[in-house]
Structure formats: C-alpha cells, structure tokens
Amino acid sequence: KTKIAVLLLIFSTINLAAKEKVRNYKEQTEFVETMDKYCSTEVAGTLKYGNDEYAIYKIRYNQNKTMKQKKYLIITGVHGNEPAPVLEIRDFIIELNRTAPVRKNLEVDFLYIVNPYGFEFNERYNGNKEDVNRDLHSFKTKEAQIIKESFDKKEYEKVFDFHEASSKHFFLYCYGIKNKKYANKILQKLEKEGVSLESEYKDKILQAKNGMLFVPFYASEYMKLNDSETIGIYFKGCRNVFTFETSKYGKMDDRRKIIRSILHYILSD
C-alpha cells in the first residue's frame with residue numbers, strides 16, 4: 001500500500017508539472033503588496049499542488065476599529081475558468097486603495113482568487129479535481145477549509161460571490177425571499193445600463209427569469225443533504241447573499257463593465 005501511495009504521488013506530481021499554465025497567479029496578485037492606504041492585506045491560507053505553492057489573500061478595505069461598521073464580503077476566483085471577475089476586481093481593489101471611503105461605516109473584505117490552481121490552468125476545479133463551490137458542507141478541500149477558518153459568516157451583513165456561467169446573458173442567484181428586493185435593485189440598474197438579462201439558463205430544476213435565478217429554501221436544504229452546499233448557501237445566514245453570473249460567451253470588456261457596475265453599487269448603496 002505504501003508503494004502504491006508513493007507511485008500515485010509521483011504520478012500526480014509529474015502530471016501537474018506537465019500541464020501548461022494559462023495565467024500567472026503570482027503576477028496577478030503582486031498588487032497586494034502595494035496595499036498601504038485604505039486597504040490592508042493578510043494571508044488567509046496557503047495551498048500546495050506539486051511544486052507550486054499559493055497564498056490566498058484576504059484584502060480589507062476601510063477597516064476602522066474606532067467605530068461600529070457594517071461588513072460586506074466579496075469572493076472571487078472559486079472556479080478557475082471564470083476570469084472576468086478576477087481581472088476586474090483586481091483593478092477595482094487597486095483603485096479603492098487610493099480612494100477615500102464614501103461610506104465611513106462600511107468595511108469590505110475581499111477573498112481574492114479562492115482557487116489559484118484553477119486560475120493558472122484555466123480549470124473549473126482545484127489541483128485535486130474537486131469543485132470547491134460544492135464543498136461548503138463537508139469541507140474536504142483545503143480551499144473550502146480556508147473559507148471556513150478565515151471568516152465568521154455571522155459578522156457579514158452582505159456576501160457577494162462573483163462567477164461566470166455558460167449562459168447567453170447575465171443573471172444572479174438570489175437566496176431566499178428576503179433578498180429579492182436588493183436583487184431587483186441591482187437588476188434594474190443593469191437593465192437601465194443596457195445589460196441583457198437571462199431568462200433561459202437552468203440549474204437542475206431552477207430557471208433564471210429576467211436575470212434572477214431564485215433559490216427557495218427547499219433547494220438549499222436539498223443541497224445540504226446531498227453534501228454539495230455552495231458558498232451562496234453556506235453564507236445565506238447573512239442578511240443578504242448573492243452569486244453573480246456574467247456570461248462566458250460575452251466580450252471580456254462587456255463582462256468586466258457589468259462587474260464594475262455591480263461593485264460600485266455594492267459600495268455606494
């Protein structure tokens with residue numbers, strides 16, 4: 001058994017090394033070292049696949065220990081083959097570091113690129129072929145463990161998870177009736193800006209309608225029972241939680257524009 005385990009480890013290492021990287025994670029995250037004005041950075045955890053070691057960063061905007069603040073959490077890069085949110089949020093954070101907060105009572109945490117291996121190799125899954133976004137119940141993956149260990153989900157009033165989907169147009173996941181009002185405000189804003197909203201995309205038995213894919217209570221409980229709880233469902237104990245889905249088929253500039261519009265709304269509303 002020991003010999004077999006060693007052979008599997010060697011094969012896994014060779015297989016990882018043989019793949020060609022599409023992106024460079026270290027170059028993409030170099031900006032975190034420049035956070036020195038309105039943002040601060042800490043390492044939420046580290047990962048290792050083959051010879052590659054990755055630090056996962058938590059970036060905090062407008063932390064003020066002298067006053068009580070609302071707290072939002074923004075997550076990106078859970079699936080490595082969904083690049084637009086990662087690219088746009090990087091530039092957005094750099095701007096935030098240079099920009100005085102409009103809302104003094106709002107602190108925003110960014111968990112930047114949850115799945116660095118997938119990001120580098122443009123793959124949905126992590127280095128062990130696991131879907132991090134279906135592991136927020138059993139926490140078998142190191143990535144999901146970092147999410148759990150780094151955040152007290154009760155402290156956040158709103159949580160936003162940015163993804164991309166194989167859909168024609170933009171849509172968002174809205175978890176529970178209590179979140180519909182805020183979701184509709186975002187969708188109305190995007191529609192005024194000329195963004196096309198999805199009404200055909202299906203997720204199992206659920207379907208998007210006018211840009212909203214509503215996730216009722218029973219669907220959330222079903223995923224928990226099947227050991228496939230997503231980030232959105234894990235954090236739904238917050239007052240509001242949403243998953244945003246730009247279309248993979250759209251032009252990169254258009255996808256990034258949508259993401260930036262949502263980010264501006266989140267920090268201003």
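Is His 79 buried or exposed? At 4% relative accessibility, His 79 counts as buried, because buried here means under 20% relative accessible area, with exposed over 50% and partly exposed in between, using a 1.4 Å probe and protein chains only.

Before we go on, a word on what we're looking at. This is a predicted model, where local features need pLDDT of at least 70 and side-chain atom pairs count only at pLDDT 80 or more, while totals for chains, interfaces and linings use all residues. Residues are numbered from 1 along each chain as its sequence is written, and side-chain values use heavy atoms, leaving out hydrogens and water.

Back to our histidine. You'll find His 79 in the loop between strand 3 (70-76) and helix 3 (83-98); helices (H or I, at least four residues) and strands (E, at least two) are DSSP runs, numbered from the N terminus. Its side chain makes a polar contact of 3.1 Å with that of Glu 82. That term covers a pair of N or O atoms within 3.5 Å; within protein, one must be able to donate a hydrogen and the other to accept it, and residues adjacent in sequence count only if both atoms are side-chain atoms. Setting aside residues up to four places away in sequence, His 79 touches Asn 115, Glu 123, Arg 124, Asp 131, Asn 133 and His 163, with contact meaning heavy atoms within 4.5 Å.

Now the cysteines, friends. Cys 39 is buried at 5% relative accessibility, and Cys 174 is buried at 0%. The disulfide count comes to zero, taking a disulfide as a pair of cysteine sulfur atoms within 2.5 Å.
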